[in-house]
Amino acid sequence: GRASPPLAALSQVLRLERSRRTAVVFPLQKLERYLAPGTDTARFRLFQPGLAALQRAEALFRSDRGHAIDYVSSAVRMDHAPPPALPEVCFIGRSNVGKSSLIRALFSLAPEVEVRVSKTPGHTKKMNFFKVGKYFTLVDMPGYGYRAPQDFVEMVEAYLQERHNLKRTFLLVDGVVGLQKTDHIAVEMLEEFGIPYVMVLTKIDRASRGLLLKNVLEIQDFVKENTQGCFPQLFLVSSVEFSGVHLLRCFVAHVTGNLPTVEAC
C-alpha cells in the first residue's frame, strides 16, 4: 500500500509547536482570535475532545491484523447495498467538493484501502461502502450538481429514507465558495427527511483567512436560522494539510457510538 502522508497520524501532529498543532487539530479555533470582540464563540467549541478521545478515534481508522478496513461494495440501488448490520455514516456533497479526497485522508492510516480520487468532477457514480472493522460503515455517495448520475435523486432519497442504521450524514461544502444553490437543495432534502447531519467545509487551505472567516460566519448563521437537524458546529478540513481530519475522525467515531467517553452531541 501507499505510505501515510505527513501529519496523517496524531503522533506527527504532536511534534509540532503548540499554535501549529492547534491549527491542525482544531482549525475552527484558529479563526476565533480574528473575530470581532463580543462575538459568540460557543458554536466554535461544541465538540472539543481531549487527546485520549482523538487517539481512540485514530485507532479505529488505523488498520492492523485484527482490525481490517475494507472497501465492501458499490450499489446504485438499495437492494444492492450491503446489509445494515453496523452503525453507518455517509458523505455527500457537490461533485467537485473534494469528497473522495477527504475520505482518502480519513483512511490514510489504512493505505491498502483504495479510495479513487479523480481529477474529473462527478467521478463517483455509485454509493461506495467501506467497512471499518466491526465498528461502523462509511459510505461515499455520488456527487450532486455538475455531472451527477441520472438517477441521483432516486438513489440518494431512497438511501436516506430507508437506511435505518444511518447515524449521521456529512454534508460537504466548498470552503472557498460557501453554500451554493445545489447545497441548499441538499439541506432541504435532509431537513424534510429529518436526517441528522453536520456541515464540513472542505479545501480550507485554498481560502484566505478573511474569506474563510466570512464563509464560516455566514454558514453558521444559516444553520442557526434555517435548520433543525444540523449540528451547530461546522467542521473545517483540508485533505492536503490534514487540518481538521483528526477531529473529523473523532466525530465519526463518536456518532457511531465508539467513543463513550465524549459527551453526547
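Which residues of H9 are buried? The buried residues of H9 are Val245, His246, Leu247, Leu248, Arg249, Cys250, Phe251, Val252, Ala253, His254 and Val255, where buried means under 20% relative accessible area with a 1.4 Å probe and protein chains only. Because 11 of the 11 residues of H9 are buried, this helix is largely enclosed by the rest of the structure.

The model is predicted, so that local features need pLDDT of at least 70 and side-chain atom pairs count only at pLDDT 80 or more, while totals for chains, interfaces and linings use all residues. Residues are numbered from 1 along each chain as its sequence is written, and side-chain values use heavy atoms, with hydrogens and water left out.

Seven strands form an open sheet with mixed pairing, in the order E1-E3-E4-E2-E5-E6-E7; helices (H or I, at least four residues) and strands (E, at least two) are DSSP runs numbered from the N terminus, and two strands pair if DSSP finds at least two bridges between them. Strand E1 (69-75) and strand E7 (235-236) are the edge strands, each pairing on one side only. E1 runs antiparallel to strand E3 (residues 127-132), and six bridges join them. In this pair, alanine 75 stands opposite methionine 127 of E3.

Helix H9 (residues 245-255) packs on the sheet, touching E2, E4, E5, E6 and E7, and its direction makes about 155° with that of E5; axes are lines fitted to C-alpha atoms, for helices over the stretch in contact, and angles run from 0 to 180 degrees between N-to-C directions. Just after H9, glycine 257 takes a positive phi of about 80°.

The largest nonpolar core has 48 residues, and Phe91, Leu102, Phe107, Leu138, Phe170, Phe235 and Leu248 have the most contacts inside it. Such a core is a set of buried Ala, Val, Leu, Ile, Met, Phe, Trp, Tyr and Cys residues joined through side-chain atoms within 4.5 Å. H9 gives the largest share of this core, eight residues. Apart from it lies another core, of 44 residues, including Leu35, Met141, Val173 and Leu236.

Arginine 94 lies in the loop between strand E2 (88-93) and helix H5 (99-106). Arginine 94 is buried yet has no salt bridge, the nearest side chain of opposite charge being aspartate 183, 4.5 Å away; a salt bridge is a side-chain nitrogen of Lys or Arg within 4 Å of a carboxyl oxygen of Asp or Glu.

Technical notes
Buried < 20%, exposed > 50% of the residue type's maximum accessible area, 1.4 Å probe, protein only. Lys, Arg positive; Asp, Glu negative; His and termini not counted. Contact = heavy atoms within 4.5 Å.
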